[in-house]
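Please look through the structure below. The paragraphs after it start from one residue and widen to the whole protein.

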Amino acid sequence: MNKQTIAIVRVPYLSVYNLLDVREEPIASSLAGYLDSVGAAFEVFDFHLDRSVNVDTLIEFGARAYILCVRGTGLHWKYALKISQHLLSKTEARVIFYGQTGKLQYWTSPYPERTAVILHDERTIAKELGLPADGPNFSSDLTHYPYGLKYINDLGIRRKFFKATIETTRGCHYSCKFCFINHGTNYVNKFTRRPANLVVSDIQQYLDNGINKFWFYDAEFIGADREHYPEVINLLTRLREQFHGQVEIMIYNRADTLERFGNYELLAGAGIKSILLGIESLHDDDLKGMRKGQTSATAINAIRKLRENQIFCNLSFILFNKTATIQSLQENISRLADLYNEENFIYLGQTLYFSYAFESDWAPNSQMRPLSNKTKLSGSTSSTISPSEGVTFDPSLEPFAEICRIINYEQIRKLCELNLRKEDSGLTEKHKIHEWATLLNLLTLNLMQVALDEFKSGSLTIHTVPSYQKWVYASFQKFNNSILPNEIAYTITDKWGDYEGDWNGWEHQIPSIF
């Protein structure tokens, strides 16, 4: 038993089969850095980096308090709440939800005397834990604790995909309707930037341990305030001069702030190899409805300039948003297809964040609309633990959305499996897998276009979804057979089917308690 020890828990945020996203949770590593600095005993449990962790592991550890690190996106809420049910009913410990907790303002704890909800601030949670609340601060002297390094030797082939995850900012200047950041209180300040010397120091400790791939896990790297530009330039310049050619960095950014900043050459020179670019939609009415504050033209310009500087894009879309229509879906597919038909389209990355994503709600909403329950779509839309029943987008789009979900599942899981296999493949098979992955985007866009045409014509309906599912599987099988060796040409659905019970596959590690 560890009655004086604090357990920091990184809960699942992706489906169990996604083995490629091998990185730490910076909410956990920043908190660990703080606890380490004030001499508090702690242990980190990470469901993604250590696949042997389960709820029994946590219970048997016997901590005095369990800190469940949560974000406003992904599957965090679903699993944080399930884990808390086990801990509260089977231990006497306190359970604290920590991080991007704005969504919990509508949650009522069954054990209020043993639970707390704390926003993403180390000093605030230290006070809650009865620890010194005058330790290092994010904006001045807090460094990350590289807890992920303890897993390195046990990751096997996944070791090659490990990225050190570092925060350079917290918060966001913008107030997009679809985003969790400005719904509830998630941070002490609207936007905070860490000093460059702390970021450089964090990078160096990972480099000293053989890690050269990094993810700056910010909501927004550059920011809207031009007064921050000297600090951004200072950091990028230091990265270029101190680590030139040594590091590969991925960042999050909006297209409009990227365009205003404009120094793409400096970004590339600093080792920025990839940007997760918040596009959301290439249909301007969608962007207005989401209060995104940028236009589709701005996004397209940023994509092209990134490509010119050989920086890869990971384009983030929310096709199924509150204002989505057949027209907006068509415009998004057409415009993205046009971009893939331009030169060097490989820099556009995969369409994983395009083929299926929906807008969440963050507060009780009487305008939420129910789905038919005749598809499996609700399994994914309910995974974000919405405070209201139903979906934000027009439920008449459900048949097309269900086909997009199936396309996305085949895409993501097959890419995960083949990327892992590629590491141990011979040269010929490596080339085949690369060819498959390159052409996958074109297949995806083509399938989406055909499905949308069928939906527009009235052929794809809630009643004909099963036959179109078979068409998707047959299309993937034909595509796989045309490129891949027979032993890996199977479709994901043929081999694995859909998960029973828990939609995302964590049911063995985190079983339902009720």
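**A walk through the model**

E280 is found in strand β12, which covers residues 272-280; strands (E, at least two residues) and helices (H or I, at least four) are DSSP runs numbered from the N terminus. The model is predicted, so local features need pLDDT of at least 70 and side-chain atom pairs count only at pLDDT 80 or more, while totals for chains, interfaces and linings use all residues. Residues are numbered from 1 along each chain as its sequence is written, and side-chain values use heavy atoms, with hydrogens and water left out.

E280 is not a glycine, yet its phi is positive, at about 70°. Is E280 buried or exposed? Its relative accessible area is 5%, so E280 is buried; buried means under 20% relative accessible area, exposed over 50%, and partly exposed in between, with a 1.4 Å probe and protein chains only. N373, another residue other than glycine, also has a positive phi, near 65°. N373 lies in the loop between α11 (326-340) and α12 (377-381), and it counts as exposed at 64% relative accessibility.

The largest nonpolar core has 130 residues, of which I203, F214, F216, L236, L277, F320 and F400 touch the most other members. Such a core is a set of buried Ala, Val, Leu, Ile, Met, Phe, Trp, Tyr and Cys residues joined through side-chain atoms within 4.5 Å. Helix α13 (residues 398-422) gives the largest share of this core, 12 residues. A second, separate core has 29 residues, among them V9, Y66, L68 and L104.

Which residues does F320 touch, not counting residues up to four places away in sequence? Its partners include L329, Y356, F358, T392, F393, L397, F400 and C404, where a contact means heavy atoms within 4.5 Å.

For the protein as a whole, there are 16 helices and 13 strands. Of its 514 residues, 58% count as buried. Among contacts between residues at least 6 apart in sequence, 77% join residues at least 24 apart. The C-alpha trace spans about 65 × 55 × 50 Å along its principal axes. The radius of gyration is 23 Å, which agrees with the value near 24 Å that a compact globule of 514 residues would have; this radius is taken over C-alpha atoms, and the globule rule is 2.2 Å times the number of residues to the power 0.38.
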